[in-house]
Amino acid sequence: MKYTYRKLSFFALSASLFLMGCGSTTLVSTPVENIDAVPLKVSELTDAEKKNWGHLDLIADTIPGMSVDKAYREIIKNRKGKTVVVAVLDSGMDLDHEDLKPVLWTNKGEIPNNGKDDDGNGYVDDVHGYNFLGKSYNEQLEYVRMLRLNIGDASDRAAARLKLDKEYPEALQNKQQYEQIFQVVKGADEVVKKELGKDSYTKEDLLSIEAKTPQMEQTIAVLTQMFTYGDSIEKVLSELEEGITYFTEQVNYNLNKDFNGRIPVGDDPYDITDIVYGNGNPNNMVETESHGTHVAGIIAAQRNNGIGINGVAKNVEIMSIRAVPNGDEYDKDIALGIRYAVDNGASIINCSFGKSFSPKAEWVYDAIKYAESKDVLIVHAAGNDGLDLQLPENKNFPNDHKFENMEYVDNLITVGALTSSYGSEMVASFSNYGSQNVDIFAPGAKIYSTMPNNTYEFQGGTSMAAPAVAGIAALIRSFHPDLTAAQVKSIIMQSGLQTKTSVIVAGDESKAMSFDKISKSGKMANAYNALILANNISNGKMTLESNSK
């Protein structure tokens, strides 16, 4: 499932209550030896900082960004570099977006829209990538499909049944609660607008109203509470509508055992030999299918064009591979998508998705191994459940370890998410973590990037942290093409910023632990340091430590 973190801050609300009352730190390979004196950021971020914080520098800005701007200013400058193809294995992408269209990969051997496989790669009209989902979009979660089709081993199906019996009623209850709260807030909002004679109002306007009736007193109380969730009631109502949509999709599709979203595709998704399916159009089907567009912009939105945002990397061509639906991805689509990317020239594949059940996991493992054999780096999001991935019950697919003690490949790097607040709260509350099974952390909370129809929005999740690291990898492979995928992974891990400060994980203050213990590297990804170390490795001035499998 695509790892988009949804704010849904109203989880903390009780509908009935609402209606009633209404360390030390070091850097690697950089002139700065330590940052013990870096102050905590106490002032509110400016609008510019909010939109670009992942590119800022911890020393200069007291924001735990990746020093991307510093890397361009002091290292890259006017250097040209080699073009790098980065595959975005994700939902559909807006191929006409103003900030992405100039950086799209184009299959020069394919003639557009002629219904032929001109280059003989097995895929028809794959000009900018491929669409393994055909005309499908909404999907079940994998464990629900397993129950519908009676696949997987007995123990997994038993776990799936327990999970569905718990999650479906919760989703239905949340949907009803959000709908109820929305109606109450909407009604109260209309009353206040009429009272004030305004189409919009501030919290100060609201509190200026003299409540002459118990009903108005309750209305003011309700809306005052809502101002704690957003700086305008319009934004609160919009977030509530997002929540209603989210839980409605869970009830109707993701957790609905009787739903079959694969029918429009026409293949057998559990037969890896049934490969003639999909089409050559990886564009997003609907406006709400935005995940792939947002991810692509983080990696490589055209830099310095005077519009939108700057991606982390220049010299990138983005290959769009549509394989992640609004629900859990199929192992078959992911395996074939990885192989497509490898066979068509990608040197990096961004995988901002994951799930907790994978009945055909070996197909994906084999594809990852194939990518390793072709020197292709895979960057994977750690997931948004706030879980310790070291615990055996917290399974996350795909992975590079098969739940054993050793990694079976050295070309996959797993990324957790940071917030913009350096200090105890710099690990995003939603981010998974793990001393061996998460490799590094990168900016992932409230990231501003491209959205369909030439728009831009903030989204958060490890889905946003992974492409940040994919961007660093692209910079390394552009300016040091001699380095292997395994070396690039090691460089990113070893060159990050390391801190032993105590951080809160999973948003639970009782789970505070040292930052250097929640990932294998114990570090925050840093583009500036990575390019310095890459240069030293490429020139033979340094050797890498072993990332032993």
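I will start with a polar contact: a polar atom of the Ser136 side chain lies 2.7 Å from the backbone oxygen of Leu133. Keep in mind that this is a predicted model. Ser136 sits in the loop between strand E3 (129-131) and helix H5 (142-149). Is Ser136 buried or exposed? Its relative accessibility is 2%, and the cut-off for buried is under 20%, so Ser136 counts as buried. Leaving aside residues up to four places away in sequence, Ser136 touches Gly261, Pro264, Val265, Met285 and Arg322.

Next is Arg262, in the loop between helix H9 (233-254) and helix H10 (291-300). Arg262 is buried as well, with a relative accessible area of 4%. What does Arg262 touch, not counting residues up to four places away in sequence? The contacts are Phe132, Leu133, Glu139, Asp267, Pro269, Tyr277, Tyr330 and Asp333. Leu133 is on that list, and its backbone oxygen is the one already mentioned for Ser136. For a sense of distance, Arg262 and Lys77 are 48 Å apart in space, C-alpha to C-alpha, and 185 residues apart in sequence.

Last, helix H14, residues 485-494. Eight of its ten residues are buried, so H14 is largely enclosed by the rest of the structure. The buried ones are Ala485, Val488, Lys489, Ser490, Ile491, Ile492, Met493 and Gln494. Which elements do they pack against? On the strand side, there are E6 (377-381), E7 (412-418), E8 (440-443) and E14 (523-524). The helices are H13 (462-479) and H15 (527-538).

Methods
Residues numbered from 1 in each chain as written. Predicted model: local features only at pLDDT ≥ 70, side-chain atom pairs only at ≥ 80, totals over all residues. Heavy atoms only, no water. Helix = DSSP H or I, 4+ residues; strand = E, 2+ residues; numbered from the N terminus. Buried < 20%, exposed > 50% of the residue type's maximum accessible area, 1.4 Å probe, protein only. Contact = heavy atoms within 4.5 Å. Polar contact = N/O pair within 3.5 Å; in protein donor to acceptor, adjacent residues only side chain to side chain.
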